[in-house]
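Please work through each task before reading its solution.

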Amino acid sequence: MNRAELREKVAEWTDAYAGRIYRAGRKPPYADTWNYENGTMLHAIYRLYRLTGDERHFGLVREQVDRYVTEDGAIRTYERTDYNLDQINMGRLLFPLYERTGREKYAKAIRLLALQLEKQPRTTEGGYWHKRIYPRQMWLDGLYMAGPFRCMLAAAFGSGRPEEFDDIAIQFELMERHARDPKTGLLYHGWDESREQAWADRITGCSPHFWSRSIGWYMMALADSLERFPAGHAGKSRLAAILERLVSAVTVYQDAETGMWHQITDAGGREGNYAETSGTAMFVYAILKGIRLGVVPSVFEGTAERGFAGLLRHAARADADGTFRLCRINRVAGLGGHPYRDGSFAYYVGEPVVCDDPKGVAPFLLAAMELAF
């Protein structure tokens with residue numbers, strides 16, 4: 001489809017998912033809590049508002065954020081001392097709400113999340129722990145949850161001093177330094193500084209496999225953070241180089257038949273592995289946005305276009321009543337915890353595969369917007 005047709009489709013898909021998930025007083029199917037899934041989906045809806053000016057989308061974002069943010073700036077279902085980076089992601093929506101409305105409750109909620117990051121436990125080199133319950137561990141996912149928020153915080157509520165962006169860059173650089181595989185250029189899902197976790201390699205501290213969605217979170221975090229990094233800051237070129245290295249690395253593993261990427265990135269031919277939607281959509285979005293920002297070479301545009309075409313061909317479908325569905329989405333994956341997740345191949349490919357999960361839908365919509373507008 002051409003750009004104008006895709007633009008219409010993006011609006012149609014976004015409206016459909018917004019209605020299915022949020023409108024008519026429905027409770028979000030994945031949890032009535034302040035969480036990163038809500039945040040990622042609402043971010044996609046807000047992005048469409050920015051592109052089209054359709055006030056319905058802004059109103060929906062505000063309505064949903066107001067379910068959680070009270071008049072005194074507290075956040076319902078949020079616990080600061082859990083030191084859970086996942087809880088930061090939805091805070092990105094507070095900035096435009098405060099800018100648009102001037103309501104002090106949004107500023108107070110921003111400061112509450114900022115206080116978490118100020119107190120967040122760190123590795124000996126200064127990297128954020130992913131959560132308090134995962135001591136001395138950095139996960140790729142965490143860079144998306146906290147990085148773009150911190151950039152917005154530094155620009156809007158901080159002084160914009162270079163050292164604030166220094167620390168943001170350090171988070172990305174530490175993750176690449178410890179999790180990057182020199183052979184493939186891919187990043188392992190997690191790194192344990194202590195080497196105490198059963199999933200951690202005793203020498204490197206890395207988890208055993210490359211999970212596409214975790215790499216996708218990290219790549220989207222780079223693209224979204226680079227958009228807000230000061231032009232003259234030395235860290236911007238370093239982060240751009242990391243993103244370009246990763247784009248080059250994942251391109252090697254794009255499936256020639258489907259155009260998608262597999263759940264385990266480098267094991268396309270292994271029995272049980274499958275072409276997975278969320279990781280594919282995240283790669284497509286990060287590549288296209290990186291090209292638009294001028295930090296990823298345009299030669300990779302074909303890679304992204306093949307990936308999006310693969311999503312339409314192999315992951316999207318229409319039900320008998322015409323309802324658009326997005327399928328082949330890994331519902332969830334992690335490391336450690338209870339019951340214990342060992343990071344094995346069998347674990348990653350054995351997790352449920354579902355339709356319409358926001359972790360696949362939101363990046364798909366964001367990728368479509370990069371192509372359509």
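Helices (H or I, at least four residues) and strands (E, at least two) are DSSP runs, numbered from the N terminus. The structure is a predicted model, in which local features need pLDDT of at least 70, side-chain atom pairs count only at pLDDT 80 or more, and totals for chains, interfaces and linings use all residues. Residues are numbered from 1 along each chain as its sequence is written, and side-chain values use heavy atoms, with hydrogens and water left out.

**Exercise 1. Describe the second largest pocket by its volume, its central residues and the helices that line it.**

Step 1. On a 1 Å grid over the protein atoms alone, a pocket is an open set of points where a 1.4 Å probe fits, with protein on both sides within 12 Å along at least five of seven lines; lining residues have an atom within 4 Å of a point. A volume is the space filled by probe spheres set on the points. The second largest pocket holds about 360 Å³ of space.

Step 2. Its lining comprises 22 residues, of which Tyr-36, Asp-86, Lys-131, Val-332 and Ala-333 are the closest to the centre.

Step 3. At least two lining residues come from each of α2 and α8 (212-226).

Step 4. For the classes, Ala, Val, Leu, Ile, Met, Phe, Trp, Tyr, Cys and Pro count as nonpolar, Asp, Glu, Lys and Arg as charged, and the others, Gly among them, as polar. The lining then divides into 8 nonpolar, 5 polar and 9 charged residues.

**Exercise 2. Describe the largest pocket in the corresponding terms.**

Step 1. Its space amounts to about 590 Å³.

Step 2. Among the 25 lining residues, Tyr-46, Arg-50, Pro-96, Met-152 and Arg-228 are the closest to the centre.

Step 3. Two or more lining residues are given by each of α2 (36-52), α4 (94-101), α6 (140-156), α10 (277-293) and α13 (358-372).

Step 4. The lining has 14 nonpolar, 1 polar and 10 charged residues.

**Exercise 3. Classify the ring pairs Trp-13 with Phe-324 and Tyr-46 with Tyr-49.**

Step 1. Rings of Phe, Tyr and Trp (its six-membered ring) pair if their centres lie within 6.5 Å; planes under 30 degrees apart count as stacked, over 60 as edge-to-face and the rest as tilted. The whole structure has 18 aromatic pairs.

Step 2. The ring centres of Trp-13 and Phe-324 are 4.8 Å apart and the planes meet at 25°, so this pair is stacked. Because Trp-13 belongs to helix α1 (residues 3-21) and Phe-324 to strand β6 (residues 324-326), the contact ties together parts 311 residues apart in sequence.

Step 3. Tyr-46 and Tyr-49 are 5.7 Å apart, centre to centre, with 45° between the planes, and are therefore tilted. Both lie in helix α2, 3 residues apart, a separation of about one helical turn.

**Exercise 4. Is Tyr-46 buried or exposed, and how many residues of α8 are buried?**

Step 1. Buried means under 20% relative accessible area, exposed over 50%, and partly exposed in between (1.4 Å probe, protein chains only).

Step 2. Tyr-46, at 14%, is buried, as is Tyr-49, at 13%.

Step 3. In α8, 15 of 15 residues are buried.

Step 4. Gly-290, in helix α10, is buried at 0% relative accessibility. The C-alpha atoms of Gly-290 and Leu-226 are separated by 8.5 Å, although the two residues are 64 apart along the chain.
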